[in-house]
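Please look over the sequence and the structure shown here before reading on.

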Amino acid sequence: MFQSDKQSNTLGSILDPNIEINGDINVSANLIVYGKINGNVISTETINTAKDSIINGNLIAKEAVISGTLKGDLEVSGKVVLTEDSNLLGNLKASIIVIEEGAKFAGSCDMSNVNDNLNLEE
């Protein structure tokens with residue numbers, strides 16, 4: 001799950017399992033979440049959530065790998081992976097969707113014109 005950005009060779013940011021954030025997060029790099037976030041998360045790159053992580057808010061990113069719990073809508077301009085440990089309680093909008101066996105997903109799925117509607121900074 002821990003991946004580096006192949007183009008710039010940087011790791012991005014990591015939120016430790018002991019961290020709880022109450023508020024929105026905007027990052028211009030990869031983000032790995034092990035802790036809990038009560039707010040929206042926006043990244044111009046990839047967001048990875050660990051098995052026991054919790055996000056109570058919407059998530060917008062270029063790509064995402066969800067292994068924890070996300071209670072909110074997920075909008076991804078590229079590829080999203082819901083792993084076997086994921087629990088998505090919200091709507092999903094992405095260009096490419098991979099849902100592994102065992103993943104939990106309650107919401108609607110939309111794969112049309114994703115890039116036109118996302119508010120990612122270029």
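## Strand pairing in the open sheet

In this predicted model, strand S8 (residues 54-55) and strand S11 (residues 69-70) run parallel and are joined by two bridges. Within this pairing, isoleucine 54 stands opposite threonine 69 in S11.

Both strands belong to an open sheet of six strands, which pair in parallel in the order S2-S5-S8-S11-S13-S15. The edges of the sheet are taken by S2 and strand S15 (104-106), and because each of these has a single partner strand, one side of each is left without a neighbour in the sheet.

Serine 53 is found in the loop between strand S7 (46-49) and S8. Is this residue, serine 53, buried or exposed? Its relative accessibility is 1%, so serine 53 counts as buried, the cut-off for that class being under 20%.

Leaving out residues up to four places away in sequence, serine 53 touches Val33, Tyr34, Gly35, Gly68 and Thr69. One of these, glycine 68, is 15 residues from serine 53 along the chain, and the C-alpha atoms of the two are separated by 4.8 Å. A polar atom of the serine 53 side chain also lies 2.7 Å from the backbone oxygen of alanine 50.

With a relative accessible area of 23%, isoleucine 21 is partly exposed.

When residues up to four places away in sequence are not counted, isoleucine 21 touches Leu15, Lys36, Ile37 and Asn38. Isoleucine 21 and isoleucine 55 are 34 residues apart in sequence, and from C-alpha to C-alpha they are 9.5 Å apart in space.

## The largest nonpolar core

The largest nonpolar core holds 21 residues, and of these Leu59 and Leu74 touch the most other members. Two or more residues of this core come from each of strand S3 (25-27), strand S4 (31-33), strand S9 (59-61), strand S10 (63-66), strand S12 (74-82) and strand S14 (92-99). S12 gives the most, with four residues.

Apart from its neighbours within four places in sequence, leucine 59 is in contact with Val41, Ile47, Ala64, Ile66, Leu70, Asp73, Leu74 and Glu75; among these contacts is Leu74, which is named with Leu59 as touching the most other members of the core.

## S12, S14 and S16

S12 and S14 run parallel and are joined by seven bridges, and in this pairing isoleucine 99 in S14 is the bridge partner of leucine 82. S14 also pairs in the parallel sense with strand S16 (residues 109-110), over two bridges, with leucine 92 standing opposite cysteine 109 in S16.

## The chain as a whole

The secondary structure of the chain comes to one helix and 16 strands, and buried residues make up 41% of its 122 residues. Of the contacts with a separation of 6 or more, 11% are between residues 24 or more positions apart. The chain exposes about 6,600 Å², of which carbon and sulfur atoms supply 43%.

## Confidence in the model

The mean pLDDT of the chain is 88, and 83% of the residues reach 70 or more. Over residues 1-8, however, the pLDDT is below 50, although this stretch has 18 contacts in the model beyond near neighbours in sequence. Where pLDDT is low, the predicted coordinates should not be read in detail.

Note on methods. Residues numbered from 1 in each chain as written. Predicted model: local features only at pLDDT ≥ 70, side-chain atom pairs only at ≥ 80, totals over all residues. Heavy atoms only, no water. Core = buried A, V, L, I, M, F, W, Y, C linked by side-chain atoms within 4.5 Å. Buried < 20%, exposed > 50% of the residue type's maximum accessible area, 1.4 Å probe, protein only. Contact = heavy atoms within 4.5 Å. Pairing = 2+ DSSP bridges. Areas by Shrake-Rupley, 256 points an atom, 1.4 Å probe, with all protein chains shown as cover. pLDDT = per-residue confidence, 0-100. Polar contact = N/O pair within 3.5 Å; in protein donor to acceptor, adjacent residues only side chain to side chain.
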